[in-house]
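Here are a few notes to read with the structure open beside you. Take them one at a time and find each part as you go.

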Amino acid sequence: MDGRISPAVFLPENPVSSGKMRGRMGRLFAIVVTVIALASAVPIITHHWFWSDISFAPPEDISTHGHAIDDQLSDTMVEAGLSFLAAQILLGLFVWKSAERKSTDAIKTFPGGARIMVIAALVLVGTEILALGVLGQKAWANVYFKPAAPDALQIQTQAGQFAFYFRYPGADGKFGTPHPDKIDEGNSNFFGLDPANDVESRDDIVTGELAIPVDREVHLMMHSKDVGHSFYVRELRIQQDFVPGLDLSVHFTATKVGKYEIVCTQLCGLGHYNMKAYLNVLSQADFDAWMKQKASEQ
Amino acid sequence: MSETSVSAVQHHAPPTSFIRKHVFSLDHKVIGKQYYALALVAVFIGMVLSWLMRIHLVWPNVPIPGLSLLSKSGAPGGVMTPEYYLSLLTMHGTLMVFFVLTNAPFAAFGNYFLPIQIGAEDMAFPRFNMMSFWITFVAFCILIAAFFVPDGPPISGWTAYATLSAVGSDSGPGEGLGQTLWALSIFVFCIASLLGALNFIATTLDLRTKGMTLSRMPICTWAWFITSCIALLAFAVLMPACLLLILDRVAGTSFFIPAGLVISDHLQPHSGGSPLLWQHLFWFFGHPEVYIAILPAMGIVSHILINSMRRPLLSHKVIIYCMMGIGFLSYMVWGHHMFVSGMNPFSSLVFSFPTLMITIPATIMTLIWLGSIYGSKLRITAASLFALGFLSMFVSGGVSGFFLAQPSIDIYLHATYFVVGHFHMVMGVAAIFGVFAGTYFWFPKMTGHMMNDSLGRLHFWLTFIGTYCIFMPFHYLGLAGNVRRYSAFVDDFLVPLIPVHRFITFAALFTGAAQLIFLYNLIQSRFRGAPAPANPWECTSLEWTMPSPPPFDNFGGKHPVVYHDPYQYGVKSSTGDYLMQDSPEEAGA
Amino acid sequence: MRTKQLFIVASALMVSPALLFGAGTISGKVTYTGTPAKQKAIDMSKEPSCAKQHTTPVTTETVVTGPNNVLENVVVYISAGAPDESTAPTQAVTFTQKGCQYLPHVLAMRTGQELKVVNDDQTSHNIHPLAKVNREWNKSQPPGTPPLSEKFDKEEFISVKCNVHPWMHGFFAVLKTSHYSVSGENGGFSLPNLPPGKYTVTAWQEDYGTQTQDVTITGNETKTVDFSFKAKPY
């Protein structure tokens, strides 16, 4: 056996490409593609990895705007999931049938030909786009087109390689001016404040965790110290990039007390994987106590 | 123009020296093979990098034998540092997108077969063609050099967002000379691609032989032509963007860097620039680039499927209009990579509309492919299996794109493994399946030897199942919020997901090993495969009218005359159930 | 007569090593006047593996004080007049990353002396000495990897940070002389083995800067030299 292939491999007599095994190969393809499609759907439907309690579901939504996003996601999942399953199963079915047809059979054309395909695509996709597009616009607008309430709790956050720091205005209600050239991280002066000369900055409260009161709108002003970062809290259904040079912000209301992770999702350097802070949603009373404690530590 | 411009063809004498025949060759066929060989080297390196990444993700503090030889600072004692993981990630993406997915389906097969399929003797500008390849090779060498500079390869990803990529070594290890070499490599790559695109367009418009009207060109020829049009505009934007990045890094300009940044305790001496400008420039190229990667595969798969099914597609014209539509729309959607980037949120809604619209031509094409299989007489070979696998993968990858096209859902899924799963399925699998299909199909023509079809089919089954095992779970991880580009999973919500990553790593190593079957088959068949006849697949296009491999001047100095559209299958003729394009015979009933 | 000669020879022999190798000492205390700025609490919540190692609150160490207004972590050294020392000691100095803090906060070493950096934590650190005179470098150290070995060739006070954990901060005092001492809990320092001569003693505190005093050693005496820094309120 010197590895040479019989020239018959490409001629109609070849058992696989044109002969008896053709049907078997076609059936095998159909079965494999169907099994893969159905198996792929299982973790989506059960929200779990196979035979384990590892959960894939988005975590519980603790925001006031997130339900619209979750609805959008489920609707898309149903439509996309059905399209996916239908396409894969049809592919398998057509391959099975086609691989069994003899070379002497006549070619058959799908009823309606290309026209029906164009119409089907326009109708199916068109309606999906209209439905999801209209719904989605509302979900997006809830987050981005509504300004923060005038009495929202104002907090500043600075993202820098590789930690988030947060600043509360303190008793005077005013934020001191940050000076990039005065930043001294070893001395915990992350914002570059100048308390020696800037009175408003003396009572600013700088922390490494974001504590907020439950059921109160928060206006989080975002600023980057060095490179691009991003603010992502899964449970809040919020994600927003920090862009150096731009003053951006997000606003949200958390509806459930608890501890959640804020993680950086914009590649920012070697410590990107380890750049996080905790979001601590507290009752109003606990939040006031926390603020007092932090103020005394400044 | 339906007539050939004989005077436009530059006749060149057959080469005699080894250098002229195999190294600095003007022959589009040699250049096509050179591109393929470069893509093969690049994909092998890219695949090894992905193995290293996957191993590190699930066994982060375990030394990897031999890794410290590649980089003493990047892997002290064989344990990968976080920045080296990001370096490997960056090089993996860059190699795969540029040197594999642009080179193989487009430059390699396009160069080899576009002139032949339109009946030309060579490309319109053979010298530019040779330069295109060698400039690409220089770009490849510059990129690989980044592995060997003291600070290592860049860590900013293949997307190289400013300011991380723009300020220099202050922003981290790997952001020194490595990043500058990266930008230079891509800049040089753009030059080569622009020359290539010009060549393809001029050749397609001017060198078609007698009877070869535009509508009689095979679908893959159309795909290469449309891809070249996209590439001409896209690379023309990436090139100056890379130049601006280099200037920011070495000449003290501030195109992408605003004032007041403190990085590594150094106040940066820049001001006035915008990081978002880089994102706009990059993605204005970046989105059309992914269509540059997939369109040739769509064309190749269509061509092979038609041949295997023994019937034309439900509509030749609709497929081509859809490809044109995708190419056109591809320029309107780049902002969907930037929904949460800080650009005006109204822009996000505007970009999402054409992004959703692209689903329409993609769905039409998918339905036409599916509908064409119905009632056909499919032949199963390694090539046709990979073409069918492409269809399955294209559906999977396309469906996940539908989620990401909606800005509100993207708030949750952006920068998670859902995105990574999506683009790997469409680019990393579907487009590669197009390359595999093309290889199994055209190898006999290019080398004069048949490949081992049993090994090819085994390669298909292992790869098809293996890639689903790797990339389908990425979507589940994304739904759980698993963030991408992390070198380790230490966050509270990520640790429980590590067992899933372990499964993926095993699948990746297994699937990678399966590619050795392909490599073995390629090499073995090249030297000891059965001799290939002129038309082993009973195919109708012009490349199958000539011997395997074709002579230096393709058609032996003659200009073929074309009588038919490219897909005369299911007809009664003296050759069987098909008619070659250059056959003066008319089809029977 | 012989006993007296013996005695003279013996004394000479005893004194001459002292004459050759020096036996004078400069010692003293470093104190401050005024009220130093409050050291701020360090929030390590982003790195739970380190946060849980500390039972008492961790604060910044820019100004570390002790009872009786003493200052710790002040580097006191002979900046002029010390005999030239060309070879660096073969013994390495160690800088440890533990609990996401640097131990010691201020590490003094000779130019050319080997520095060993140890990672005792479960997280990766990236040690980044912000050298301006020496070569600036930064190196990642995953947990469980062997110590890093480096050295500095030029005299410099180098601020050290960790790229991954912004609150981590320390100093390398790279000195030409081996006559140095870092003040401890009692604020005291001691510079022994000084041959007779005129010396300039410098005290360096990372926030308050430097102070110098001139001291002359004539024999084996111990000269007391105290330094007092004016505290800054912020």
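1. In what order do the four strands of the open sheet in chain C stand? Please keep in mind that this is a predicted model. The order is E14-E4-E16-E17 of chain C, and the pairing is antiparallel.

2. Now look at the edges. Strand E14 (180-182) and strand E17 (209-217) of chain C stand there, and each has a single partner strand, so one side of each is left without a neighbour in the sheet. On average, neighbouring strands of this sheet are turned by 25 degrees against each other, direction ignored.

3. Next, follow one pair of strands. In chain C, strand E4 (residues 75-80) and strand E16 (residues 197-205) run antiparallel and are joined by five bridges.

4. Over to chain B and two of its helices. Helix H2 (residues 28-58) and helix H6 (residues 126-145) of chain B have axes that come within 10 Å and cross at roughly 15 degrees. Because angles under 35 degrees count as roughly parallel, H2(B) is roughly parallel to H6(B). The crossing of these two helices is left-handed.

5. Finally, see who makes the contact. From H2(B) the residues include Tyr35(B), Leu38(B) and Ile45(B), while those of H6(B) include Phe133(B), Trp134(B) and Phe137(B). The residues of the contact of H2(B) with H6(B) divide into 13 nonpolar, five polar and no charged.

Technical notes:
Residues are numbered from 1 along each chain as its sequence is written. Chains are lettered from A and ligands numbered from 1 in the order in which they are written. This is a predicted model: local features need pLDDT of at least 70, side-chain atom pairs count only at pLDDT 80 or more; totals for chains, interfaces and linings use all residues. Side-chain values use heavy atoms; hydrogens and water are left out. Two strands pair if DSSP finds at least two bridges between them. Axes are lines fitted to C-alpha atoms, for helices over the stretch in contact, and angles run from 0 to 180 degrees between N-to-C directions. Angles under 35 degrees count as roughly parallel, over 145 as roughly antiparallel, 65 to 115 as roughly perpendicular and the rest as oblique. A crossing is left-handed if the near helix is turned anticlockwise from the far one by less than a right angle, and right-handed if clockwise. Contact means heavy atoms within 4.5 Å. Ala, Val, Leu, Ile, Met, Phe, Trp, Tyr, Cys and Pro count as nonpolar, Asp, Glu, Lys and Arg as charged, and the others, Gly among them, as polar.
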